[in-house]
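Please keep the sequence and the structure open while going through the points.

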Amino acid sequence: MELAAQLGLTAEERDLDVYDAVTADEVFLTSTSLCVCPVRSLNGHVIGDGRVPGPVTRRITQAVHRARGHRFRGPVPVPGSA
């Protein structure tokens with residue numbers, strides 16, 4: 001949430017239901033061990049245009065990697081983005 005604020009994004013914690021997720025432009029999961037994992041679909045419903053990562057998810061992923069000092073050549077690798 002701090003990284004989102006640094007990027008000028010609004011972030012909030014709240015309970016969501018399935019409708020919120022399947023009607024979202026983008027969805028990602030995050031945790032200490034997972035970092036940032038884009039979500040393409042939920043219960044068979046494609047989220048947004050189905051392309052992962054979306055632009056917001058990509059920005060958050062890149063910010064996490066910068067904050068943790070990860071060094072990559074080229075774009076930040078995101079599983080399933082090929």
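Predicted model: local features only at pLDDT ≥ 70, side-chain atom pairs only at ≥ 80, totals over all residues.

1. Residues are numbered from 1 along each chain as its sequence is written, and side-chain values use heavy atoms, with hydrogens and water left out.

2. The largest pocket holds about 970 Å³ of space. A pocket here is an open set of points, on a 1 Å grid over the protein atoms alone, where a 1.4 Å probe fits, with protein on both sides within 12 Å along at least five of seven lines; its lining residues have an atom within 4 Å of a point. The volume is the space filled by probe spheres set on the points, which are joined across faces, edges and corners.

3. Of the 25 residues lining the largest pocket, Thr10, Ala11, Glu12, Leu16 and Phe28 lie nearest its centre. At least two lining residues come from each of α1 (2-6), α2 (18-22), β1 (28-31) and α3 (55-68), and α3 gives the largest share, with five. Helices (H or I, at least four residues) and strands (E, at least two) are DSSP runs numbered from the N terminus. By class, the lining comprises 15 nonpolar, four polar and six charged residues.

4. Glu12, one of the residues nearest the pocket centre, also forms a salt bridge with Arg14, their closest N and O atoms being 2.7 Å apart. The count is one salt bridge, defined as a side-chain nitrogen of Lys or Arg within 4 Å of a carboxyl oxygen of Asp or Glu. Both partners are exposed: Glu12 has a relative accessible area of 54%, and Arg14 has 53%. Exposed means over 50% relative accessible area, buried under 20%, and partly exposed in between (1.4 Å probe, protein chains only).

5. How many disulfides does the structure hold? The number is zero, a disulfide being a pair of cysteine sulfur atoms within 2.5 Å. Cys35 counts as buried, at 18% relative accessibility, whereas Cys37 is partly exposed, at 28%.

6. Most residues other than glycine have a negative phi, and most peptide bonds are trans. Asn43, not a glycine, has a positive phi of about 50°. Asn43 is found in the loop between β3 (41-42) and β4 and is exposed, at 62%. The peptide bond from Val52 to Pro53 is cis, with omega near -5°; Pro53 is found in the loop between β4 (45-46) and α3.

Definitions and conventions
Nonpolar A, V, L, I, M, F, W, Y, C, P; charged D, E, K, R; others polar.
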